[in-house]
Amino acid sequence: MSVRDERSRSVDRRVRVQGRPVDTYPALPPEAGRGSVRRVTVVGEEVLSRPCREVTEFGTPELSALIDDMFLTMYVADGAGLAANQVGVDLRLFVYDCPDDDGIRHVGHIINPVLELPDPRSRRLIDDFEGCLSVPGAGMAVPRTDRAVVHGVDKDGNPLVIEGLGYFARCLQHEADHLLGHTYLDRLSKRERKDALRQMAERQEDVFAQRAVKAARLGHH
């Protein structure tokens with residue numbers, strides 16, 4: 001048995017919901033079942049290029065409805081994460097349903113997140129493929145650290161700390177960027193950015209068509 005086998009046996013493989021392991025969890029989270037599909041904003045729209053506002057009111061029906069809608073919109077668009085400004089809402093909030101490199105699924109939402117990255121001396125940058133629901137049809141390699149921690153609160157204002165490794169760390173960094181008014185295109189060279197926009201121009205109609213089919217299948221319009 002290799003060291004890796006030993007390690008994988010000791011990993012708690014349960015789904016993490018809001019950072020905590022749960023014994024069972026459905027493929028489609030309950031939030032998505034309550035939500036309605038919203039339009040996903042596209043790069044170039046102003047709401048994506050400025051920092052979002054802090055959420056100051058918690059426990060409201062409006063905030064719960066927004067989170068429900070964001071979950072369903074994320075599934076319809078086949079995303080692993082979605083920030084509020086990607087549905088045109090200028091608030092510091094994102095939702096996620098994303099695996100880490102051990103294949104463990106992480107699901108939840110976080111409000112007013114503050115991203116904490118490893119110290120530059122111990123930071124390991126990984127170049128990996130990244131896409132964005134607001135840059136439909138494009139994907140590029142983007143360097144990100146392989147670990148990230150996000151501090152924030154849930155929709156009722158309770159403190160949350162979410163830790164991510166590997167692909168899930170990438171997701172946390174990507175969504176935190178959105179709330180600062182950045183997309184992953186801002187991390188690319190001019191030439192790479194041009195390439196991503198060319199991919200988007202060629203493929204976005206297909207992506208929109210797929211989303212429409214999935215939205216209809218989930219019983220929403």
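**Stop one: a hairpin**

Select residues 93-99, which make up strand 4, and then strand 5: the two pair in the antiparallel sense over seven bridges. (Strands are DSSP runs of E, at least two residues long, numbered from the N terminus; two strands pair if DSSP finds at least two bridges between them.) Before you go on, know that this is a predicted model, where local features need pLDDT of at least 70, side-chain atom pairs count only at pLDDT 80 or more, and totals for chains, interfaces and linings use all residues. Residues are numbered from 1 along each chain as its sequence is written, and side-chain values use heavy atoms, leaving out hydrogens and water.

Now click on Y96: its bridge partner in strand 5 is G108. Five residues sit between the two strands of this hairpin, and G103 takes a positive phi near 80 degrees there.

**Stop two: the other partners of strand 5**

Select residues 15-17, strand 1, which runs parallel to strand 5 and is joined to it by two bridges. Look for V17, whose bridge partner in strand 5 is V107. Next, pick residues 147-153 to see strand 8, which is antiparallel to strand 5, with four bridges between them. Here L115 has V150 as its bridge partner.

**Stop three: how covered is strand 5?**

Select residues 105-116, which are strand 5: nine of the twelve are buried, so the strand is largely enclosed by the rest of the structure. (Buried means under 20% relative accessible area, exposed over 50%, and partly exposed in between, with a 1.4 Å probe and protein chains only.)

**Last stop: an exposed residue**

Finish at D127, found in strand 6, residues 125-131. D127 is exposed, at a relative accessible area of 56%.
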